[in-house]
Amino acid sequence: MTNLNNALTNLQTSLNPVWRATLPGQINLASTLEQNRTSLETELLSKVEPVLSNLFTDLNKSIIEGEYANDLAAAKQVLANIEAHIVASATFNIPGQIDYTAFSQGVFSEKFLMPARNAIKDFNKLLESVKGQLNFEPNVDILFHLFKNEYVIDLGLHADLRLFKLNVQVAFIDHSLKFDNGTFRKLIMYVEALSAIAGVGSISDILKTKCEFLISKLAHRFDTDKTTKYGIDFQYHSFNITNPPELAYYDNVIKGHYDGIYTDEFKNRYKTAISKFEHSQSSLTFDDYHALIKYYKDIKPSLKKSKELLVAYDTLYTTTSSISDFDKRSRDLVYSYLENNVLSLELDEGEFTIENWELKFSQYTEKATVLKNSNFFPFFKIIDKFLKVEIQEQFNLEVINFDRVNGLIKAYEQNLSKLSDNLSICQTTNYLTYQLDYSGCKTTIVDITGASWSCFIASSFVLPLDFAYWRKIADDLSSELVKLKALRDLRVSLRKDITEIYDVKNKLAESDKRHIEILSIFAAIVLFVSNEVQLYSKLKSVADAVVFTLFFAYALGLFVMMIWFVTRPAAVNLRKLPTTHRILIGVFLSGFISAGIYLYCDYNSDSSITIRSKMPMEKRIDSLKQQVKMDSLKFSQKKYLP
């Protein structure tokens, strides 16, 4: 707190009890009241105006150099000590001269106390704003936060106070930079006001340079081929701001990172960072990490190197302690930014599958949840690169797993809700995707007098997010969710209709099978009856009739069974057959075995009967032959008799 401590020291030295001892000597009882008052006012102003000018110089330097950001609590305490000393110094006592005492106090209050306390009040507003941004609580809902006359710079104010107020307002914008017309208007009006302020020296020059750099960053966000202009009192101007050489480093980073214009300076930046990463990781700065993330993500994509970089940063993150709120916020944002880029590479290389995506994705959201930085990017990425694609692939399958589709759509909806919520929080807090630490945000600027200034730019080379663009993306994803739900409902309806069609088809097929079976049985019965009638006419014994009847009935039963097998929709599984069917199959199998045994035995019996009857048959044939011969002889004799 060099500048703030200097301010306090100078006040303690200048505003001591001794400086007021000369005031009674300015009163000449022989002079008129007005003459004595003029004399008192001249004496007071000769003492407090230099002190006030030095106070504003120290306060302005403190904001320009950003020393307050390194320790907000310490800055607030020093400001409290400054204010307390100023208030204590406002007590006047000119013995025996009540009127002159009151007049002296009035002059001191108007010319010193009020401007000084007004400046301290604005400084405290800045500290509270930065503190609120660095320590945002997502579970606390602040309806609105207003500062009276926040952006009104009263032209009637003391010139030094006006300059200080402009300084505070520019710092406000720098700490919460956002891409909108309101921010443009404020910065442009501040540039105009700084140009109009006379006699404030190099401070206004430095502030003007800072404002113009912030304007150039906002103008860089314009995504249009048209020339963009702004108007002041119907005088139109283009955004053709040329930044000083001291900010060329930031310019090269912006052009290389956002536009892909890789200048030699930009290439040297990531080459230096690569050398540090390979040989001395502990020496890597936040600027080096930014260069390496860009190189391993876009210039030469490498998931392996990006993961190694994350491991190296995790070591730095877990071992660093006792840092300011600003640096803590910076390192939290860098961690989330690193995880975002590793997540993108994993999704691009297909590391996420339907089986592992939930576990892997939780690794990229847990840290942001703990840090309370409301990082919305992972939720956008998992929806756009995985969930949406996976759901569409499920719909392209021949057989859709609707349980899986419902689970994916539910995950899509949940992550979309988190995306929308975090996007709103980030828009409220003017979330930056990356932020350098305190030392990385300081750069040296030379003013018009040739003096060098250490200028603190909280947003450094990082451009603000275009939340209108991201809100449109969220709306598009929401519309896509509606389409996917409608497609799912349509497919479910079609599946129901298809199921009903299959049920009707199966019922018709079952009815056809029944008809075939009934006709087969009917044909078998008709064939059985007709053959029975013919069979009985050929047989001479009841036993033979019964045997043939059983065999014919068995054959017809086999015929019916074959029809039953043929009309089944699939192969018959014996293990799943009902008990009744098993018994019937057993009966037919037993009948088949019994018929085989019977036929075998009957064949052997017929053979023995044939052998036994062979000899008598031959004798009968010979007897018949002899009888025929005798009859022939008798006929011949009759023929030749007279």
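In this predicted model, helix H15 (residues 377-396) packs against H16 at an angle of about 160 degrees, and their axes lie 10 Å apart. Since angles over 145 degrees count as roughly antiparallel, H15 is therefore roughly antiparallel to H16. The crossing of this pair is left-handed. On the H15 side the contact is made by Phe 379, Phe 380, Ile 382, Ile 383, Leu 387, Lys 388, Glu 390, Ile 391, Gln 394 and Phe 395. These residues meet Arg 404, Val 405, Leu 408, Ile 409, Ala 411, Tyr 412, Asn 415, Leu 416, Lys 418, Leu 419 and Asn 422 in H16. Sorted by class, the contact of H15 with H16 comprises 14 nonpolar, three polar and four charged residues.

Ala 411 counts as buried, with a relative accessibility of 7%. Apart from residues up to four places away in sequence, Ala 411 touches Trp 357 and Leu 387. The C-alpha atom of Ala 411 is separated by 9.8 Å from that of Ile 382, a residue 29 positions away along the chain.

Two further helix pairs share H7. Helix H5 (residues 159-175) packs with H7 at an angle of about 25 degrees, the axes being 11 Å apart. Angles under 35 degrees count as roughly parallel, and H5 and H7 are therefore roughly parallel to each other. Their crossing is left-handed. From H5, the residues Leu 163, Asn 167, Val 170, Ala 171, Ile 173 and Asp 174 meet Ile 203, Ser 204, Leu 207, Lys 210, Cys 211 and Leu 214 in H7. By class, eight nonpolar, two polar and two charged residues take part in the contact of H5 with H7.

The other partner of H7 (residues 202-220) is helix H8 (residues 248-259), and the axes of these two helices come within 12 Å and cross at roughly 10 degrees. H7 and H8 are therefore also roughly parallel to each other. Here Phe 213, Lys 217 and His 220 of H7 meet Tyr 250, Asp 251, Ile 254, Tyr 258 and Asp 259 of H8. The contact of H7 with H8 has four nonpolar, one polar and three charged residues.

Is Asp 327 buried or exposed? With a relative accessible area of 18%, Asp 327 is buried, because buried means under 20% relative accessible area. Leaving out residues up to four places away in sequence, Asp 327 touches Asn 70, Asp 437 and Tyr 438. A separation of 9.1 Å is found between the C-alpha atoms of Asp 327 and Ser 439, which are 112 residues apart along the chain.

Several loop residues can be described in the same way. Ser 302 sits in the loop between helix H10 (286-299) and helix H11 (303-319), and Ser 302 is buried, with a relative accessible area of 18%. Beyond its neighbours within four places in sequence, Ser 302 is in contact with Tyr 296 and Leu 345.

Asn 430 is not a glycine, yet it has a positive phi of about 55 degrees. Asn 430 lies in the loop between helix H16 (402-429) and strand E3 (442-446), and is buried at a relative accessible area of 9%. Ser 460, likewise not a glycine, has a positive phi of about 45 degrees. The loop that holds Ser 460 runs between strand E4 (452-456) and helix H17 (467-538). Ser 460 counts as buried, its relative accessibility being 0%.

These details belong to a protein chain with 20 helices and four strands. Buried residues account for 40% of its 642 residues. How many of the contacts between residues at least 6 apart in sequence join residues at least 24 apart? The share is 75%. Finally, the accessible surface of the protein chain comes to about 36,600 Å², with 56% of it belonging to carbon and sulfur atoms.

Notes:
Residues numbered from 1 in each chain as written. Predicted model: local features only at pLDDT ≥ 70, side-chain atom pairs only at ≥ 80, totals over all residues. Heavy atoms only, no water. Buried < 20%, exposed > 50% of the residue type's maximum accessible area, 1.4 Å probe, protein only. Contact = heavy atoms within 4.5 Å. Axes fitted to C-alpha atoms, helices over the stretch in contact; angles between N-to-C directions. Parallel < 35°, antiparallel > 145°, perpendicular 65-115°, else oblique. Nonpolar A, V, L, I, M, F, W, Y, C, P; charged D, E, K, R; others polar. Areas by Shrake-Rupley, 256 points an atom, 1.4 Å probe, with all protein chains shown as cover. Left-handed = near helix turned anticlockwise from the far one by under 90°.
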